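The structure is shown first.

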Amino acid sequence: MFDTILKGGEVYDGSGAAPQITDVGIKDGMITEVGPINADAGDVIDVSGLAVSPGFVDMHTHSDFTLIADGRAESQVHQGVTTEVIGQCGISCAPVCSHKAIRQVSPWFTEKAKHRKWLGFGEYLDVLDDTDLGVNVVAFVGHGTIHRAVLGDELHAGEPDDVAAMAKLVDQCMEEGAGGFSSGLEYFPGILAAPDHLVPMVEIASKYGRLYATHVRNRDTEYDLGFTEAMGTARQAGARLQISHIQPKFGAPGHAMEHTLEMIELARQHDGDIAFDVIPHDWNHTLMAAILPKWAQAGSIDDVLKRLADPEMRDRIKANPKPMWLIVKARQWKDIVLLNATENKHLVGADFEEIGRMRGVDPYDAVLDILLEEGDNLMATMWSSKSFRNSDVELCLSQPECAVISDTVAIANDGILSDHIGSLSGYGWAARFLQYYVRDRGILSLAEGLAKITSVPAKRLGLKGRGQLRPGYHADICVFDPAAISSNATARHPRRYASGIAHVLVNGALSMRNGQRTPSNNGQVLREFQGAV
């Protein structure tokens with residue numbers, strides 16, 4: 001007898017193969033049969049006319065702390081996500097040298113969260129494990145957090161003995177269940193590191209067969225240097241490379257995406273193991289504080305705030321010849337919007353040309369004023385800019401190794417995270433991908449599109465028994481209406497849940513039924529990985 005049977009749906013197994021009209025049988029949290037089923041079940045759900053897919057695997061998020069604060073992951077579950085990969089761009093919540101340091105390394109930290117403290121990576125995973133999780137979680141360890149654990153806020157990448165200590169700490173994190181190693185080379189302190197500093201740590205990821213995921217140093221005028229550095233680091237370390245959100249930014253030449261793919265293909269001809277992912281949107285989002293030059297980001301948040309309050313240092317900041325976003329240097333303020341703020345919630349969704357006009361100041365001063373006003377919430381302040389090209393996204397989607405990601409956080413529009421936002425597409429990234437690029441634009445078939453958010457990331461990560469609808473696999477499943485799935489989020493109203501999702505199962509338990517969230521939070525922290533491809 002089955003626990004649940006999904007009856008008569010259009011079943012996509014996640015491999016990219018054509019669907020079949022059939023049934024899916026589930027028992028003890030596992031898929032036990034895919035095919036016509038004539039048997040009893042505790043729960044038979046008629047899914048005729050709907051697509052039945054593996055649950056979506058979001059292989060690049062920053063929910064490291066938001067899942068601790070509110071594990072329900074409502075924004076993700078409501079659009080069919082069943083597994084998240086956190087610890088990206090060099091940012092992870094562990095390891096730390098003191099409980100006080102948790103705040104500094106935790107993205108989207110909030111004092112409202114009630115949780116046990118941790119130091120080591122395994123302790124952090126234990127705290128996460130004790131949380132009622134709406135999704136399964138894989139946690140990477142970030143280079144930035146490792147750097148801070150060894151060197152604190154020192155404005156250098158480390159001497160050889162420091163780097164050796166960092167590599168040893170990465171090894172310990174891998175032993176304790178880290179799913180991979182990440183770097184963020186446009187952020188502090190990753191911006192300080194050269195390949196010589198990174199290779200010993202990436203070698204540890206290679207030793208364990210885990211991925212090295214990197215937010216490369218540059219994706220605009222010097223895109224070719226940033227991508228070749230990433231490939232060279234992975235090559236020297238013998239590691240499998242995942243290039244995060246690969247699409248070039250504002251300021252890159254028109255041929256940058258095509259040239260980058262050519263460089264990757266050439267590296268593959270010499271045994272480079274390289275894959276990548278894209279955000280399904282032409283908006284690019286990041287921490288507002290990342291616009292500051294590295295010298296201005298050094299030290300504690302109080303140190304940064306003092307610099308922002310100093311008129312002379314402000315002039316130095318604004319004179320930065322190579323800010324992280326060249327769209328700022330080009331002063332295209334109408335294409336840059338405030339995405340998340342604590343003290344300035346009323347401005348969320350407004351562009352900086354408008355904000356500057358409202359405040360009667362130059363838009364760049366409005367940026368720095370807002371950062372100063374946010375105070376201790378400085379590192380939770382986000383903005384978004386129209387910095388990507390849809391043509392670049394579409395070119396990447398045509399590559400079989402390309403996964404689709406959110407680069408966002410799991411949150412909810414109720415509870416202690418109701419004021420938070422991770423990206424313009426955070427509440428609807430997967431829905432928008434299936435709506436805009438698959439259904440409306442026809443860039444991919446539905447079977448091909450689903451593979452990019454199910455089997456492609458699952459295989460790359462080495463997830464055991466996830467990412468496909470096959471007997472013996474975990475019952476992480478999304479059932480949706482392909483004609484109705486839609487993102488409802490906008491810049492002014494970014495906290496609207498997606499629509500078109502009928503049912504979501506996580507490890508066999510229904511977390512959504514008939515379009516409504518259930519009380520079930522059946523996610524698990526995943527600590528074991530198989531050889532990935």
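Does A403 count as buried or exposed? The model is predicted, and in it A403 counts as buried, because its relative accessibility is 1% and the limit for buried is under 20%. A403 belongs to strand β17, which covers residues 402–404. Leaving aside neighbours within four places in sequence, A403 is in contact with M59, F276, D277, V278, K452, V456 and P457. A403 and G360 are separated by 43 residues in sequence, and their C-alpha atoms are 43 Å apart in space.

**Aromatic pairs**

A search of the whole structure gives 12 aromatic pairs. One of them is made by F56 and F480, with ring centres 6.2 Å apart and 65° between the planes. This geometry is classed as edge-to-face because the angle is over 60 degrees. The F56–F480 pair links distant parts of the chain, 424 residues apart. F56 is in strand β6 (residues 56–58), whereas F480 is in strand β18 (residues 477–480). Both ends of the pair are buried: F56 has a relative accessible area of 0%, and F480 also has a value of 0%.

Another aromatic pair joins W333 and F352, at 6.5 Å centre to centre and with 55° between the planes, which makes the pair tilted. W333 and F352 are 19 residues apart, and their pair is again a link between distant parts of the chain. W333 sits in the loop between α13 (326–329) and β15 (336–340), while F352 sits in helix α14 (residues 352–359). W333 counts as buried at 3% relative accessibility, and F352 counts as buried at 0%. W333 and F352 also belong to one aromatic cluster, together with W325, Y364 and W383.

**Charges over rings**

Two arginines are placed over aromatic rings. R316 lies over the face of W295, at 3.9 Å from the ring centre. The charged end of R432 sits over the ring of Y436, with a distance of 4.4 Å to its centre.

**A three-stranded sheet**

In what order do the strands of the open sheet of 3 strands lie? The order is β14-β16-β15, and the pairing is antiparallel. The edge strands are β14 (284–287) and β15, each of which pairs on one side only. Neighbouring strands of this sheet are turned against each other by 30° on average, direction ignored. Strands β15 and β16 (residues 382–385) run antiparallel and are joined by 4 bridges. For I336, the bridge partner in β16 is S385.

**Salt bridges**

The structure holds 31 salt bridges.

| Pair | N to O distance |
|---|---|
| R148 and D153 | 2.7 Å |
| E229 and R217 | 2.8 Å |
| K464 and E528 | 3.6 Å |

In the R148–D153 salt bridge, D153 is partly exposed, with a relative accessible area of 27%.

The salt bridge between E229 and R217 links distant parts of the chain, 12 residues apart. E229 is in helix α8 (residues 223–237), and R217 is in the loop between β11 (211–215) and α8. How do the two ends stand in exposure? E229 is buried, with a relative accessible area of 15%, whereas R217 is partly exposed at 23%.

The salt bridge of K464 with E528 links parts of the chain that are 64 residues apart. K464 lies in the loop between α19 (455–461) and β18, and E528 lies in the segment after β21 (516–517). K464 is partly exposed, with a relative accessible area of 39%. E528 counts as exposed because its relative accessibility is 58% and the limit for exposed is over 50%.

Methods. Residues numbered from 1 in each chain as written. Predicted model: local features only at pLDDT ≥ 70, side-chain atom pairs only at ≥ 80, totals over all residues. Heavy atoms only, no water. Phe/Tyr/Trp six-rings, centres within 6.5 Å; stacked < 30°, edge-to-face > 60°. Helix = DSSP H or I, 4+ residues; strand = E, 2+ residues; numbered from the N terminus. Buried < 20%, exposed > 50% of the residue type's maximum accessible area, 1.4 Å probe, protein only. Lys NZ or Arg CZ within 6 Å of the ring centre and 35° of its normal. Pairing = 2+ DSSP bridges. Axes fitted to C-alpha atoms, helices over the stretch in contact; angles between N-to-C directions. Salt bridge = Lys/Arg side-chain N within 4 Å of Asp/Glu carboxyl O. Contact = heavy atoms within 4.5 Å.
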